Amino acid sequence: MRILIKKGHFYACIPMARVLLENAINIQYVYKADSEQRAKNFKLASTEVFLKRVLATLGKETHGYEEMIVSLEQELKDYRQDKKTTEEKAREINLDMIYQDLYRHLS
């Protein structure tokens, strides 16, 4: 980010700053309570998205991918989808002012 700013590319830093802030909120949310399950959910959320994309792409033609699909489905058995928004998570960990002041402006 420092290099981009020095080169005059400030706007290229905005998406990176947003991701950093979002991850900071998520990490603090994970550590606040039920850390093991929340950490697992955080990790497995992208696995679920990946599996859905694979299945949508393959349709019924899963031949040759069965082992991977079964493995991913097995991994997801402990996944509990957290439907809270970043704003709700920020509020829960008392970072709602940071969310209001920074995150919304970066989105």
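## Lysine on the outside

A residue counts as exposed when its relative accessible area is over 50%. Lys-43 comes out at 52% relative accessibility, so it falls in the exposed group. Keep in mind that this is a predicted model.

Lys-43 has a partner, too: its side chain meets that of Glu-75 in a salt bridge, with 3.5 Å from N to O. Because Glu-75 sits in helix α4 (residues 66–75) and Lys-43 in helix α3, the pair ties together parts that are 32 residues apart in sequence. Glu-75 is partly exposed, with a relative accessible area of 32%.

How many salt bridges does the structure hold? There are eight. One of them joins Glu-22 and Arg-18, whose closest N and O atoms are 3.7 Å apart. These two are four residues apart in helix α2, so about one helical turn separates them. Both ends are partly exposed: Glu-22 has 22% relative accessibility, and Arg-18 has 28%.

Salt bridges also link Arg-38, Lys-84 and Glu-92 into a network. Arg-38 turns up at a ring as well: it lies over the face of Tyr-29, 3.8 Å from the ring centre.

## A closer look at Glu-48

Is Glu-48 buried or exposed? With a relative accessible area of 17%, Glu-48 is buried. Leaving aside residues up to four places away in sequence, Glu-48 touches Leu-76, Tyr-79 and Gln-81.

Glu-48 also forms a salt bridge with Lys-52, at 3.8 Å from N to O. Both belong to helix α3 and are four residues apart, about one turn of the helix. Lys-52 is exposed, at 52% relative accessible area, whereas Glu-48 is buried.

## Ala-17 and its contacts

Helix α2 covers residues 10–32, and Ala-17 is in it. Its relative accessible area of 23% makes Ala-17 partly exposed. Which residues does Ala-17 touch, not counting those up to four places away in sequence? They are Met-1 and Leu-106. Met-1 and Ala-17 are 16 residues apart along the chain, and 8.5 Å separates their C-alpha atoms.

## One pair of rings

The structure holds one aromatic pair. It is made by Phe-10 and Tyr-11, with ring centres 5.6 Å apart and planes at 75°, so the pair is edge-to-face. Phe-10 is partly exposed at 48% relative accessibility, while Tyr-11 is exposed, with a relative accessible area of 68%.

Note on methods: Residues numbered from 1 in each chain as written. Predicted model: local features only at pLDDT ≥ 70, side-chain atom pairs only at ≥ 80, totals over all residues. Heavy atoms only, no water. Buried < 20%, exposed > 50% of the residue type's maximum accessible area, 1.4 Å probe, protein only. Contact = heavy atoms within 4.5 Å. Phe/Tyr/Trp six-rings, centres within 6.5 Å; stacked < 30°, edge-to-face > 60°. Lys NZ or Arg CZ within 6 Å of the ring centre and 35° of its normal. Salt bridge = Lys/Arg side-chain N within 4 Å of Asp/Glu carboxyl O.
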